[in-house]
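Work through the exercises below with the structure in view. Each one is followed by a solution in steps.

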Amino acid sequence: MENNASFILPGLKPVLELLQSTPGRIDQVYCRKGGRSAELLEIQDLCRKNHIHYTLVEQQALERLCRTDGQKGATRHQGVVARLSSITTVGLDELLASARKAPLQLIVALDQVKDPGNVGTLARTMYALGAAGLLIPEHNSAFLGPAALRSSAGALNNLPVSRATNLARALDEAEEAGFTIYGTGQGPDGSSINPYKEGLQMPAVLVLGTEEKGLRPGVAKRCSQWLNIPFRRSFDSLNVAQAGGILLALASAHDTV
């Protein structure tokens, strides 16, 4: 977890007001175990309605979250602390609609990619090449805070990002809206497209997984086409920012021919 006080919001009233006005600014909420006040229960209800993950934690964990450099003790949290994202997220419908107007009608979906530096670097490439936006799972994704924003060189402030409660279901919706869903690597039957030779059918969603595990089976099943970067030397894999950057550049080159 990144220790940056400007991205921590403590207190019942401030968290409740932000949930009511701009829930897309909140990455996660931490609530004290055993808390039963009306405000705390309303916060948890709003988290569920807005698909924001909340966690029940001990008092000491809330105090650690609230500590800032140079201070002894903790900011008054009243049993709740929100961790704020550097960006405001959009709904899936808005992301799909904006994708059709982007210079490169390509959304990048990240399946449980947790490194904020990789996400930020990828976002920087996406924005430069005209890609439409990011689609990430609500849970088990990188925190889009200061580290991701720095790596993106500010691109995350201008690139639409949508959080999906269920990534597989979001890909189904994208396909129903006319988007081609591309996985990375070899397909289940061993088939794949060489992205150096063939372009992508736009609009499209490019789904990238982790370097270690790739795509989860439920997400992989939603991919109708597979892109495989041919290596000219024996090598295990590229990280998500490297692989994504190559595929974005190739998609952009074919799209502008």
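Partly exposed means a relative accessible area between the two limits, under 20% being buried and over 50% exposed. The model is predicted.

**Exercise 1.** Classify Arg 222 and Asp 172 as buried, partly exposed or exposed, and state how their side chains meet.

Solution. Step 1: Arg 222 has 26% relative accessibility, so this residue is partly exposed. Step 2: Asp 172, at 25%, is also partly exposed. Step 3: the two side chains form a salt bridge, with 3.2 Å from N to O. Step 4: this pair joins distant parts of the chain, 50 residues apart, with Arg 222 in the loop between helix 8 and strand 10 and Asp 172 in helix 7.

**Exercise 2.** Find where Lys 49 and Asp 45 lie, and classify each by accessibility.

Solution. Step 1: both residues belong to helix 2 (residues 38–49), four residues apart, or about one turn of the helix. Step 3: Lys 49 has a relative accessible area of 58%, so Lys 49 is exposed. Step 4: Asp 45 reaches 27% and is therefore partly exposed.

**Exercise 3.** Which residues are linked with Asp 27 in a network of salt bridges?

Solution. Step 1: Asp 27 pairs with Arg 163, the closest N and O atoms being 2.9 Å apart. Step 2: Asp 27 is in strand 2 and Arg 163 in strand 7, 136 residues apart. Step 3: the network links Asp 27 with Arg 83 and Arg 163. Step 4: Asp 27 has 11% relative accessibility, so Asp 27 is buried.

Methods. Residues numbered from 1 in each chain as written. Predicted model: local features only at pLDDT ≥ 70, side-chain atom pairs only at ≥ 80, totals over all residues. Heavy atoms only, no water. Salt bridge = Lys/Arg side-chain N within 4 Å of Asp/Glu carboxyl O. Helix = DSSP H or I, 4+ residues; strand = E, 2+ residues; numbered from the N terminus. Buried < 20%, exposed > 50% of the residue type's maximum accessible area, 1.4 Å probe, protein only.
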